[in-house]
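Colleague: Hi! Could you walk me through this model while I have it open?
Modeller: Happy to, just ask away.
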Amino acid sequence: MAVIKCDNNIFVLETKNTHYVLGVDKYGYNHHLYWGKKCDIKDYSMESIGDENSNHTMLDEFKQEYTVFGSTVYRECALKAEFSDKCREINLRYEGHTIEGSRLTLQFSDKHYPLQIMLNYEVDDSCDIITRWTSLKNTGNSMIDAEKLFSAEFCLPSKKPYIFKNTNGAWGGEFMQTSNLLDGGSLVFESRKGTSGHTNSPYFIAHQNADEKRGDVYFASLIYSGNFKVSASRDLYSITRVIIGMNDFDFSYSLQPGETFDTPKVLCGHTQGFGEMSRQMNRFVVNHIMPKQFNDKVLPVLYNSWEATFFDVNCENQTHLAELAAQIGVELFVMDDGWFGKRNNDCAGLGDWFVNKDKFPNGLDELIDHVNALGMDFGIWVEPEMVNADSDLFRAHPDWAYHYETRDASELRHQLVLNMTRDDVSQYIFHVLDTLLTKHNIKYIKWDMNRPFSETGAQNLDNPKMLYYLHTMAVYNIVDRLKKKHPQVAIESCSSGGGRADLGALSHFDQVWTSDNTDAVDRMTIQNGYTMLRPVKAMRAWVTDIGWISKPASLDFRFNIAMQGSLGVGGNLSNYSQEELEICKKNVALYKQIRELVQFGDLYRIMDVDEGEILFNNYVSPDKTRAVAFIASAGTRFFKKRVDFLFDGLDDRKRYSLTVQGRKYEKSGSYLKNVGIPLHIRGAYYNEVVMIDEI
């Protein structure tokens, strides 16, 4: 698997199963030639085209790898910049290429201005995923202002319309999947809130009636946590194009003399079926994108105290909860909001990251030592990017929040966003968190962010439109510095639920919070949407008491759903009976037996609860010797639901043993995959966890 240089400046990126082909013609224009199943390399060529007429030019018709603004291009472009003399057009010439191992770089420069553009491609030989990004270099003495700076552009091969899958969620309903047929015009998926957000996702999935197993699927996912934009269009020539990268909404980047800027990277690929897409992305992100400290280690079972005590935390009630958590087999005890400053509700205290002496008169170590003596690690909640107006920090530094002097501040959740683009603010945040980790035996941080940006004044910046990007980079930088100094500490990305559960976050954080909605019935849908292009290992999933009244699912049912990610417990254990604690203990023990399968195995989404009332997922070990299947249904209609369950993902030639609904089976993988096991699903909140082992 490699980068192959052909005649006439044609380049073939060869993955495990596909070819991605691009080229540069004799005039220096970049061309996209092909993306799909492998063909004979000798057959690839570039075709010449001319202007259709004075209104439809050849540049508008070109399939390009990267379109710049200028000349007679009237369609969406990936790059637009303004030079020192106010010229806003870019005119590229090809300067050459380099091939270093599995990386290809095409270099272009403007014919008049000191701007270099490098298109970068990297191939992995174990899968069909290609990494793309664009680099800009200012080789002159004057600033260049880029007002549109996307990471990559794609041209899809078929002239038929594509269906685009994305999400259209909200707080408490993240990753709700949508499908849109693009037969003309444009589709846009974006965030303007400062993070990737709860609504659209920073990716595209394009197909023509594909399903989990079959059909051509083209996809790309952005490794970035700030404002993003995915813009897809289909023109009069029936060409479908997509650009993906940082949102050009309220954005520009000032490229200083001598500076080189790399856009956020994009992972892209072509597979057969959504299932293979998800499995390849899961493996690739875990192995190559996530931080190395913990990417190859199973995540511990955690307990979080939020639902049990809310802001009313103190040493006594946290100690009691820790003892109950240890009793059920928890490995990591996490104290949530309320431990610091004058934090008795969400109106005060954010920014004052010192221990509340009224709640912890002997400091944190009294609790931490007790948690450690119980055999658990200790974790803690913080929200570093935010500040309450009622805080010592804000009273001392009111200018540290984003603001305009002539505008009233919007205090969503009674808080303001700190200006992370200021060095003094970033240094303060690093200092207080570093001090917390240095003084105490803390092994885990839950990093939260509970509101989007507003009043985005940043008087410290010459170009305030850079703040969205610079804020995101500041968060990454602090997390990286903390992890380097405290490599034993795992850090979770939370943003009022799943508002920062993107691949950018996962290139720095060790896991993400999926949603504040932990209702097991709702989570069947939320977690299904999450797993499309995000790794299962990083998906935190809790068993809590939310939804108990309106959707009275049993504890076993709630564990069934939460065990399909990285398990946590968040219910008020103080209210649990001894019988309920034993149920928790039984399920935690079961999860420890199967978590390596769940966190590192291949996921086969066999039945979708939103399409057929039943959720059926199978997690299979890489060597296909073991698997665990989860079956769940909140309720089936019309008397009976007798279904042949097909256990996908197994080795046809191996024989397996499994017990389902009290009956033991010994069958071949081909039988389980093609004939299946007939099961009778009936009643409310049915759930079963099925262990499958090679005989």
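Colleague: Which are the buried residues of helix 11?
Modeller: They are L555, F557, R558, F559, N560, I561 and A562. Helix 11 covers residues 555–562, and seven of its eight residues are buried. Buried means under 20% relative accessible area, exposed over 50%, and partly exposed in between, with a 1.4 Å probe and protein chains only. Helices (H or I, at least four residues) and strands (E, at least two) are DSSP runs, numbered from the N terminus.

Colleague: Before I go on, what kind of model is this, and how are the residues numbered?
Modeller: This is a predicted model, where local features need pLDDT of at least 70, side-chain atom pairs count only at pLDDT 80 or more, and totals for chains, interfaces and linings use all residues. Residues are numbered from 1 along each chain as its sequence is written, and side-chain values use heavy atoms, with hydrogens and water left out.

Colleague: Thanks! What volume does the largest pocket have?
Modeller: About 750 Å³. Of the 29 residues lining the largest pocket, D211, E212, R605, D608 and E611 are the closest to its centre. On a 1 Å grid over the protein atoms alone, a pocket is an open set of points with protein on both sides within 12 Å along at least five of seven lines, a cavity is a set where a 1.4 Å probe fits but cannot get out, and lining residues have an atom within 4 Å of a point. Grid points are joined across faces, edges and corners, and a volume is the space filled by probe spheres set on the points.

Colleague: How many charged residues are in that pocket lining?
Modeller: The lining of the largest pocket has 13 charged residues, along with eight nonpolar and eight polar. Ala, Val, Leu, Ile, Met, Phe, Trp, Tyr, Cys and Pro count as nonpolar, Asp, Glu, Lys and Arg as charged, and the others, Gly among them, as polar. Helix 2 (274–289), helix 10 (520–530), strand 31 (602–607) and helix 13 (609–612) each supply at least two residues of this lining.

Colleague: And how many cavities are there of 30 Å³ or more?
Modeller: Nine. The largest cavity holds about 80 Å³ of space, and Q527, N528, Q564, N617 and Y619 lie nearest its centre among 13 lining residues. Helix 10 gives the largest share of that lining, four residues.

Colleague: Switching topic: which residues have the most contacts inside the largest nonpolar core?
Modeller: W339, W447 and L573, in a core of 86 residues. A nonpolar core is a set of buried Ala, Val, Leu, Ile, Met, Phe, Trp, Tyr and Cys residues joined through side-chain atoms within 4.5 Å. Apart from it lies another core, of 59 residues, including F189 and F228.

Colleague: Last one: where is K86?
Modeller: K86 sits in the loop between strand 5 (79–82) and strand 6 (92–100). Its phi is positive, about 80°, although K86 is not a glycine. K86 is exposed, with a relative accessible area of 56%.
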